[in-house]
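Here is my note on the model, point by point. Please read it with the viewer open.

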Amino acid sequence: SARPAVPEGDRVDLCGLLLPLATTRVDVVVPAGPVLLPASTAAELVAAVKEALSNVSKHAGPGARSWVVVEELGEEVVVSVRDDGIGTTPARLEQARADGHLGVSQSIRGRITDLGGTVTVRTAPGEGTEWELKI
């Protein structure tokens, strides 16, 4: 479905939207300068990050810490959400999807792929989980 073009002035600083997510358990690391994105894109990215963080609090175990890191690499913006929790296996993520627990894949993957981006998940038992959202 074609989306209306976003006027050039409708850009927001992604970092300014993500920094308020910082808590005693969540570190948000951003570049020195603003990372400007269309407001709608930024809002979707923030929603995906919130979803990933909410998964940490649900599944990573008490005391798990998270890091949200924003990088601007030329034309791409990469947001990683990493935790030091109990981790899981890609097979278990796949199983959750098969069982219809689509919260994670739909809300995070769906949001990012709708924006034309990619999502990579790295996880292993005892090694936490990292989501890499690339726009």
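1. Ser 66 sits in strand S4, which covers residues 66-73. Helices (H or I, at least four residues) and strands (E, at least two) are DSSP runs, numbered from the N terminus. Ser 66 is buried, at 2% relative accessible area. Buried means under 20% relative accessible area, exposed over 50%, and partly exposed in between, with a 1.4 Å probe and protein chains only. Setting aside neighbours within four places in sequence, Ser 66 contacts Arg 25, Val 26, Asp 27, Leu 53, Val 56, Arg 82 and Asp 83. Contact means heavy atoms within 4.5 Å.

2. A word on provenance. The model is predicted: local features need pLDDT of at least 70, side-chain atom pairs count only at pLDDT 80 or more, and totals for chains, interfaces and linings use all residues. Residues are numbered from 1 along each chain as its sequence is written, and side-chain values use heavy atoms, with hydrogens and water left out.

3. Overall layout. The chain has four helices and seven strands. Along the sequence they follow the pattern β-α-β-β-α-β-β-α-α-β-β. Of the 135 residues, 36% count as buried. Among contacts between residues at least 6 apart in sequence, 63% join residues at least 24 apart.

4. How is S4 paired? S2 and S4 run in the parallel sense, over four bridges. Val 29 stands opposite Val 69 in S4. Eight bridges join S4 to S5, and these two strands run antiparallel. Here Val 68 stands opposite Val 81 in S5. Two strands pair if DSSP finds at least two bridges between them. The hairpin of S4 and S5 has two residues between the strands, and Gly 74 takes a positive phi near 60° there.

5. Next, the core. The largest nonpolar core has 25 residues. Such a core is a set of buried Ala, Val, Leu, Ile, Met, Phe, Trp, Tyr and Cys residues joined through side-chain atoms within 4.5 Å. Those with the most contacts inside it are Leu 14, Leu 18, Val 49, Val 68, Val 70, Val 79 and Leu 133. The elements giving two or more residues to this core are helix H1 (14-18), strand S2 (26-29), helix H2 (39-59), S4, strand S5 (76-83), helix H4 (103-114) and strand S7 (129-134). H2 gives the most, with seven residues. In soluble globular proteins, nonpolar side chains tend to be buried together.

6. Not counting residues up to four places away in sequence, Val 70 touches Leu 14, Cys 15, Leu 18, Val 29, Val 30, Pro 31, Val 35, Val 77, Val 78 and Val 79.

7. Salt bridges. The structure holds five. The criterion is a side-chain nitrogen of Lys or Arg within 4 Å of a carboxyl oxygen of Asp or Glu. Asp 27 forms one with Arg 65, the closest N and O atoms being 3.1 Å apart. Asp 27 lies in strand S2 and Arg 65 in the loop between H2 and S4, so the pair ties together parts 38 residues apart in sequence. Asp 27 is partly exposed, at 29%. Arg 65 is also partly exposed, at 29%.

8. Which residues make up the salt-bridge network? Arg 122, Glu 130, Glu 132 and Lys 134 are linked in it. Glu 130 bridges to Arg 122, with the closest N and O atoms 3.4 Å apart. Glu 132 meets Arg 122 at 3.7 Å, N to O. That pair links distant parts of the chain: Glu 132 in strand S7 and Arg 122 in strand S6 (residues 118-123), 10 residues apart. Arg 122 is partly exposed, at 41%, whereas Glu 132 is buried, at 16%.

9. Rings. Arg 82 lies over the face of Trp 67, at 4.6 Å from the ring centre. The test is NZ of Lys or CZ of Arg within 6 Å of the ring centre and within 35 degrees of the ring normal.

10. Last, Ala 32. This residue is in the loop between S2 and strand S3 (36-38). Ala 32 is exposed, at 92% relative accessible area. Ala 32 and Cys 15 are 17 residues apart in sequence and 9.4 Å apart in space, C-alpha to C-alpha.
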